[in-house]
Amino acid sequence: MSIKITKQNNGLYTVRVWATHRDEFGKRKSKQQKDIKTVAVAEVIADKFQEELDYNRYDENITFKELSNLYLESKINISITTRSSYDYMIPIINDYMGKVKICNVNTRVVQGFINEVAKKENPHCKGQRIKSGTIQRYVGYIKAVINWGVGQDILEYNRIKRLEYPQDEIEFEPTIINAEQIGEILKFLKQYCYNIYIPVLLDSCLGTRRGEALGLTWDMVDFDNNIVYLKKNLVQAKNKVIVKERLKTHKSKRVIAISDFIKQELLQHKKMNEALNNPFVCANIFTGKVPTPSYVTKTYHDVILEVFGINMRLHDLRHCFNHIANENDTDIVTMVNMLGHSNINTNLLYAGFSVNKTRKAVNLISNEIQKGFN
């Protein structure tokens with residue numbers, strides 16, 4: 001380790017510290033700071049730089065938890081939602097991986113973590129195991145930490161190879177209902193549960209995501225041209241509700257036309273909302289507050305299950321929207337643009353199975369075959 005403290009022309013000092021190890025190009029990393037008042041302060045800073053440069057070497061004694069902490073410290077602009085998910089995941093990961101030396105983190109260790117977590121009960125759904133997708137997100141974080149360690153020369157390479165994830169006991173299937181059923185639900189919500197009517201109306205008729213509907217403000221609704229601009233996302237993290245300018249994907253910012261039906265419903269709602277002077281479209285006309293995402297999701301699920309006997313998530317309305325559009329031969333590019341998906345494959349998954357299209361295809365093929373048969 002090389003340390004150099006020099007006096008500047010203005011009487012202040014500059015300290016520079018070089019690492020003892022060299023990178024793959026034969027160069028040594030260094031840290032420097034200028035305009036230090038005294039030599040004593042410069043020596044303190046030099047000790048700090050020395051420790052930092054020395055700590056970034058490959059060290060077999062660093063544990064995964066220590067590496068994880070370094071990784072988090074490097075993420076300056078991490079969003080509140082990502083931070084919230086990390087706060088939930090990291091203690092679970094550290095229970096198994098925290099004390100493992102990073103030089104020993106390999107496929108066998110991570111596979112052991114997967115197998116251990118797969119046995120645990122989901123704290124949010126009693127009687128159910130933690131879902132495979134959730135476990136994959138845990139492992140995604142582990143890989144991100146290890147890859148960052150490699151990039152910082154703390155690790156030589158990533159030793160995690162192929163992993164096997166558990167299969168979910170019950171494969172997820174969205175609940176798909178037809179347009180008439182959605183109309184009946186909207187009619188009921190408008191009359192008996194108006195506090196979630198508008199976000200459900202937007203999700204079902206425009207295919208918006210929950211946060212996109214709740215983040216919609218009146219200045220984003222153009223009644224003259226019958227369009228809405230989706231460019232904000234209302235999210236909930238750590239019991240706080242925040243509005244983000246950044247949406248889920250780069251294609252989520254979009255312009256969607258509204259029908260006369262939607263326009264009339266929004267105008268009627270706006271008239272009831274005027275006294276509250278709230279810029280958000282989904283503001284509760286009774287309290288003046290925008291409902292939280294979790295409240296809308298839970299209320300919708302509970303009401304639909306109790307009144308209509310349908311076990312359905314709020315997000316399933318996006319699947320229904322895509323399914324109805326697909327049934328009516330809406331082209332795939334239009335559907336991708338309306339739903340704000342980043343690729344067509346997601347839309348194909350959302351579209352689901354179309355009985356009408358199958359019937360049409362079978363009739364077409366059978367009629368052609370029947371010509372030869374007769």
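Visitor: Which residue forms a salt bridge with arginine 209, and how far apart are the closest N and O atoms?
Guide: This is a predicted model, in which local features need pLDDT of at least 70, side-chain atom pairs count only at pLDDT 80 or more, and totals for chains, interfaces and linings use all residues. Residues are numbered from 1 along each chain as its sequence is written, and side-chain values use heavy atoms, with hydrogens and water left out. A salt bridge is a side-chain nitrogen of Lys or Arg within 4 Å of a carboxyl oxygen of Asp or Glu. Arginine 209 meets this with glutamate 212, the closest N and O atoms being 2.7 Å apart.

Visitor: Is glutamate 212 buried or exposed?
Guide: Buried means under 20% relative accessible area, exposed means over 50%, and partly exposed lies in between, using a 1.4 Å probe and protein chains only. Because glutamate 212 has 1% relative accessibility, it counts as buried.

Visitor: Which parts does the pair of arginine 254 and glutamate 212 tie together?
Guide: The side chains of these two residues, arginine 254 and glutamate 212, meet in a salt bridge of 2.8 Å, N to O. Helices (H or I, at least four residues) and strands (E, at least two) are DSSP runs, numbered from the N terminus. Arginine 254 lies in one part and glutamate 212 in another, 42 residues apart in sequence, so the pair ties together strand β8 (residues 254–257) and helix α8.

Visitor: How exposed is arginine 313, which meets aspartate 316 in a salt bridge?
Guide: The side chains of aspartate 316 and arginine 313 meet at 2.9 Å, N to O. Aspartate 316 is buried at 2% relative accessibility, whereas arginine 313 is partly exposed, with a relative accessible area of 34%.
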